[in-house]
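Hi,

Here is the structure I promised to pass on to you.

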Amino acid sequence: MGSSEKAVPKYKRVLLKLSGEALQGQSQFGISSEVIEYVSEEIKNIHSLGVETAIVIGGGNIFRGVSDSSKNMDRSTADYMGMLATVINALALQDSLEKKGLSTRVQTALEIKQVAEPFIKRKAIRHLEKGRIVIFASGTGNPFFTTDTAATLRALQMGADIIIKATKVDGIYDKDPVENKDASKFDELTYMEILKKGLKVMDATSISLCMEGNIPIVVFDLFEKGTIEKVITGEKVGTIVRSGTEQ
């Protein structure tokens, strides 16, 4: 492709799932300004192709409902604290994107009128149609559900063509590639294979919802520059999860 030739996106509307941990960079806690700047630039690149972009963000860099720090807490309380952590991340990402001239909206499943819109499906879709980036925070608004489940739910509600899940590794492996040098990467999997093999990609509820809605998932390395754009333009990167009936 020539330098003046613009890439053609394969997908019209996408849901990007970002983990909170990805935003902390090399730190043990919090938000890395370098990482959020990098992520914003990657999102800007796909937005410039005309892709309608929705984002679900986690909160694990600040607080996780299933972390050691929540060990003696009521699970619902801990999960609500985790949801609030996702709002902090969403606002940080919004600020970074808007400094790049991108119009964004944060919608949250917990009502926090002073900083974000409440989640309203029709309004969110209208924002996407107008070219705004929509960041969904607070998960589903319910305890006992992960942000992976929230990502799948929002993708289905928005009518997204695909879920792109950004991680710290370049796809799905049969075991943790960081701890196991002999780990094998999958190029393609079906939803049922993930459930049967017990692969820790997304929780079982998320995978079941994707299977029911027949929405593909691509898992890829967030920190390999330009990978989000490659996924969007249909290049084979990372691991794709789908029903197995598509070509």
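**Around threonine 239**

A polar atom of the threonine 239 side chain lies 2.5 Å from the backbone oxygen of phenylalanine 186. That is a polar contact (a pair of N or O atoms within 3.5 Å; within protein, one must be able to donate a hydrogen and the other to accept it, and residues adjacent in sequence count only if both atoms are side-chain atoms). Before you read on: this is a predicted model, where local features need pLDDT of at least 70 and side-chain atom pairs count only at pLDDT 80 or more, while totals for chains, interfaces and linings use all residues. Residues are numbered from 1 along each chain as its sequence is written, and side-chain values use heavy atoms, with hydrogens and water left out.

The side chain of threonine 239 also reaches the backbone nitrogen of isoleucine 172, at 2.8 Å. Threonine 239 sits in strand β11 (residues 239-242), and phenylalanine 186 in strand β8 (residues 185-186); helices (H or I, at least four residues) and strands (E, at least two) are DSSP runs, numbered from the N terminus. Threonine 239 counts as buried because its relative accessibility is 0% (buried means under 20% relative accessible area, exposed over 50%, partly exposed in between; 1.4 Å probe, protein chains only).

Leaving aside neighbours within four places in sequence, the contacts of phenylalanine 186 include Ile172, Tyr173, Leu199 and Thr239, where contact means heavy atoms within 4.5 Å. Phenylalanine 186 and isoleucine 112 are 74 residues apart in sequence and 41 Å apart in space, C-alpha to C-alpha.

**Around glutamate 117**

Glutamate 117 belongs to strand β4 (residues 117-118). It counts as buried because its relative accessibility is 17%. Its side chain makes polar contacts with those of glutamine 107, at 3.0 Å, and histidine 127, at 3.1 Å. Not counting residues up to four places away in sequence, glutamate 117 also touches others, among them Arg105 and Lys123.

**The whole protein**

There are 8 helices and 11 strands. Along the principal axes, the C-alpha atoms fill a box of roughly 50 × 40 × 35 Å. Of the 247 residues, 49% count as buried. Among contacts with a separation of 6 or more, 71% come from residues 24 or more positions apart.

Best wishes
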